[in-house]
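Dear colleague,

I am handing over the structure below for your own work, and my notes on it follow directly after it. Please read them with the coordinates open beside you.

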Amino acid sequence: MKQGLSLRVSQHLALTPQLQQSIRLLQLSTLELSQEVEQMLDENPFLELAEEAAPREDFGLGQVDTPVSLETREFESTTESVASNPDDTGAASSNDAEPSSEAKLEESWDGDGSVDTAPDDNEWGGDATPRKNNNDDSDVDATELARNQESLQDHLHRQALSLRLSPEGKAALHFLIESLNDDGYLEDSLASLAAGLAGDDLEQLEQLEHEFAVALKLLHHMEPAGVGARNLAECLGLQLLDCKDCDETRAAMAMCKQPIELLAKRDFKRLAQLCGFTESVIKGAIALIGRLDPKPGRRFVNVERNLIVPDVLVVKSGRGFKVSLNSDVMPRLRVHDIYANALKQNKGQGGQALQQRLQEARWFIKNIQQRFDTILRVSSAIVERQKNFFTHGELAMRPLVLREIADELGLHESTISRVTTAKYMSTPFGTFELKYFFGSALGTETGGNASSTAVRALIKQFVASENLKKPLSDNQISEMLKEQGIECARRTVAKYREALRIAPANLRKSL
């Protein structure tokens, strides 16, 4: 074989470290970006926080996309016919497995048989009577304590201070309190907790189980009622101990000892036979149970950690809407002037490593600027496409896919997907993830398309206005959508109903 040399010209794409960083910053959420900025500030001495918004720097490095100004954008809002359109984030799920009985029961927990599609923690436990104990602060409302950021464990430890216990009893009670989950349940058995501490020492194991059993009884008498329960039935039974003694209360306590599936399905006849009460008393007992709190520790969860800070603000401006970035989430970064000038004046002594760190700081600021530029561009395009939503609400949502925005802005679909993930927009109707404004299309009788988001909104309206004694079935809702000109199969209705956390018709039926 004869060897030789040849030249060949070819082109190929390469992801430079700067481009990789730009892509990674684009897909970060606001919280993740804040953590990234903090880490970069610690590692790079040429980067510092500016007290005021720093001017945009022109690094002359060449942009992947031509950036837009971070100024706000305004759009004229024209009144158009409202096209129904629900947001379908994917194909219909083929998983038809039924949820657990406890999940069904909690899903349809309203005492009057109605369904709450957006549960509010303040609605739970309306009739759950608080227990009185020897603590001087026993009259303090647990919800008010939660607002003051007191955890469930702190609340229970404070009550335990008034109890006269031996050192072993105090340690056992403290251990059980710390073993509770966020809902106030004790997930591990006393035997497993004792085994984890005692090991192979059988005598110590028996002693620990005894101490834990005594401590658990004390825990069951603490506020909030139902705390320390091992399962849902025990939690409800503990709360019923404080209710007024009557037939409904006794029937409710008897029902809690039966299989929870019967209560979830509201099988009145079977429960009446097993508990020895009439069906009318059973219905009253179910209504009583529906007013109890299935998760007594939930009110103490720090809700601030679940607050969403929007990246984009959309407000009404004249006949249109103004789109702007939220300045509170934009990091104010700049290159440290003193260090940069010192390095410039002593180029020979600076070394390549410091020059590289300075370049990294400049690239980091540029990539963050480009990140917010892209978010603003995409958000502005969404507002322009979905302006009916900002005027009339979710019923006016139109079908929209990522490719439409990508083609309009000259970006790739993957870029639009990164921008719309974990980024939020504040609108006159609430705060939504940018992905919320994208949805598949359902056909209509007129040949047009309706958004899956709008269809879900219609389903929510139908259920909210239904007769509680004769709730709408999925098939009836499908027929009602057809009357509106929207072709939506029964299985699709069931999928949307489950996504809205609306119980089936048999569980929505009023007592």
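How many salt bridges does the count come to? The count comes to 15 salt bridges, in what is, please keep in mind, a predicted model.

Three of these pairs deserve a description of their own.

Arg357 and Glu360 form a salt bridge with an N to O distance of 2.9 Å, and, being 3 residues apart in helix H15 (residues 347-385), they are separated by about one helical turn. This spacing can be read against a general rule: an α-helix has 3.6 residues a turn, so residues three or four places apart point the same way. Arg357 is partly exposed at 28% relative accessibility, and Glu360 is likewise partly exposed, with a relative accessible area of 27%.

Glu404 counts as partly exposed at 24% relative accessibility, as does Arg385 at 27%. Both residues also belong to a network of salt bridges that links Arg385, Arg398, Glu404 and Glu408.

Turning to the helices, I looked at the packing of helix H7 (residues 190-198) with helix H8 (residues 202-220), which pack at an angle of about 135° with their axes 9 Å apart. That angle makes H7 oblique to H8, and the crossing in which H7 passes H8 is right-handed. The residues of H7 that take part in the contact include Leu190, Leu193, Ala194 and Leu197, and those that they and their neighbours meet in H8 include Leu205, Leu208, Phe212 and Leu216; Gln204 and Glu209 are also among the H8 residues in this contact.

Finally, which residues of helix H1 (residues 17-27) are buried? They are Gln21, Ser22, Leu25 and Leu26. Seen down the axis of H1, these buried residues fall within an arc of 135°, so they line one face of the helix.

Methods: Residues numbered from 1 in each chain as written. Predicted model: local features only at pLDDT ≥ 70, side-chain atom pairs only at ≥ 80, totals over all residues. Heavy atoms only, no water. Buried < 20%, exposed > 50% of the residue type's maximum accessible area, 1.4 Å probe, protein only. Helix = DSSP H or I, 4+ residues; strand = E, 2+ residues; numbered from the N terminus. Arc of directions from axis to C-beta. Salt bridge = Lys/Arg side-chain N within 4 Å of Asp/Glu carboxyl O. Axes fitted to C-alpha atoms, helices over the stretch in contact; angles between N-to-C directions. Parallel < 35°, antiparallel > 145°, perpendicular 65-115°, else oblique. Left-handed = near helix turned anticlockwise from the far one by under 90°. Contact = heavy atoms within 4.5 Å.
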